Amino acid sequence: MAKAGKKEKKSMAWGWIIFWFILFWPLGMLFLLGKISKDKATIMKDSNKVTIMSFVLVGIGVFIFSRVLNTGGTYNYLWALSLIGGGVWTFFKARKMKIDGERYKKYISIVINQSQTSIDNIASAVGIPYDAAVKDLQKMIDTGYFTGAYIDVTQREIVLAKTVQVKESTSKEADSLPPSAVQVQERIVACSSCGANNKVKGHVGECEYCGSHLQ
């Protein structure tokens, strides 16, 4: 049995990351790495923002490099090259984010919307080997996409523990309320970022699976 996901930590806001990029870009990049590695909403929908930041870094680096060709200075050369290198690194991270985000959407659609828990069937639907699917699903669990879930390696399936608890809780509530009241209280809202169907009661908040705001 694989480990269940850890409680998700709030990542740094984009405003602060941009602030640190301006003030001291290596530290800003460190914060960016943390955000794009652990923030599930960022991974799902913000690859374009990271791409823009990569272009900005490369642009600044090229500008500084063109200036120091005339003025010289080893430090200035290294600073310009580090900016360009950092921008290129950020660009490839943005591309990986986009690829991961699209693949994660497939997993969410299969596991949540289609209620498929067999990892063999999930892997077949995504078009990857079983071991790669296990690795992806465990990473998604650790990042917080499937809260409270775990992988049962014996049964070769992903167990959505939280979903089971929600269904049991909803069933108990349904027993004490007339059918019309249950229908009014609960509705399905599809997330525009990851496509997951969320069961919503009353106020529309964040997507349970990717953390994006539900429209």
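Trp-16 and Phe-19 lie three residues apart in helix H1 (residues 14–23), so about one helical turn separates them. Helices here are DSSP runs of H or I with at least four residues, strands are runs of E with at least two, and both are numbered from the N terminus. The model is a predicted one, in which local features need pLDDT of at least 70 and side-chain atom pairs count only at pLDDT 80 or more, while totals for chains, interfaces and linings use all residues. Residues are numbered from 1 along each chain as its sequence is written, and side-chain values use heavy atoms, with hydrogens and water left out.

A pair of aromatic rings is described by the distance of the centres and the angle of the planes. Rings of Phe, Tyr and Trp (its six-membered ring) are taken to pair if their centres lie within 6.5 Å; planes under 30 degrees apart count as stacked, over 60 as edge-to-face and the rest as tilted. The count by this rule is seven aromatic pairs. One of them joins Trp-16 and Phe-19, an edge-to-face pair with 5.6 Å from centre to centre and 85° between the planes. Phe-19 has a relative accessible area of 39% and is therefore partly exposed; buried means under 20% relative accessible area, exposed over 50%, and partly exposed in between (1.4 Å probe, protein chains only). The pair of Phe-65 and Tyr-77 is edge-to-face because the ring centres are 5.6 Å apart and the planes stand at 65°. This pair links distant parts of the chain, with Phe-65 in helix H4 and Tyr-77 in helix H5, 12 residues apart. Phe-65 is partly exposed at a relative accessible area of 28%, and Tyr-77 is partly exposed at 27%. Ring pairs also link Trp-16, Phe-19, Trp-20 and Phe-31 into a cluster.

The charged end of Arg-156 sits over the ring of Tyr-130, 3.7 Å from the ring centre; the criterion is NZ of Lys or CZ of Arg within 6 Å of the ring centre and within 35 degrees of the ring normal.

Turning to the chain as a whole, the protein has nine helices and four strands, which follow the pattern α-α-α-α-α-α-α-β-β-α-α-β-β along the sequence. Of its 215 residues, 34% are buried. The accessible surface comes to about 12,500 Å², and carbon and sulfur atoms account for 60% of it. These areas come from the Shrake-Rupley method with a 1.4 Å probe; for residues, only the protein chains shown count as cover. Among contacts (heavy atoms within 4.5 Å) between residues at least 6 apart in sequence, 53% join residues at least 24 apart.

Helix H4 (residues 47–71) holds 25 residues and reaches 36 Å from its first C-alpha to its last, close to the 36 Å expected at 1.5 Å a residue. The expected span is 1.5 Å times one less than the number of residues. Buried positions in H4 are Ser-47, Val-50, Thr-51, Met-53, Ser-54, Leu-57, Gly-61 and Val-68. Gly-59 also belongs to helix H4, but counts as partly exposed at 38% relative accessibility.

Ile-108 is placed in helix H5 (residues 74–113) and counts as buried at 0% relative accessibility. Leaving aside neighbours within four places in sequence, Ile-108 is in contact with Met-44, Asn-113, Met-140, Tyr-145, Phe-146, Cys-194, Ala-196 and Tyr-209. From Ile-108 to Ala-196 the C-alpha distance is 6.1 Å, although the two are 88 residues apart in sequence.

Strand S3 (residues 186–190) pairs with S4 in the antiparallel sense over five bridges; pairing requires at least two DSSP bridges between two strands. Val-189 has Asn-198 of S4 as its bridge partner, and Ala-190 has Asn-197. The two strands form a hairpin with six residues between them, and Gly-195 in the turn has a positive phi of about 85°. In a regular strand the side chains alternate between the two faces of the sheet. In strand S4 (residues 197–201), Asn-198 and Val-200 make up the covered face, whereas Asn-197, Lys-199 and Lys-201 make up the uncovered one.

Ser-212 lies in the segment after S4 and is buried, with a relative accessible area of 1%. Residues up to four places away in sequence aside, Ser-212 touches Ala-41, Lys-45, Cys-191, Ser-193, Gly-205, Glu-206 and Cys-207.
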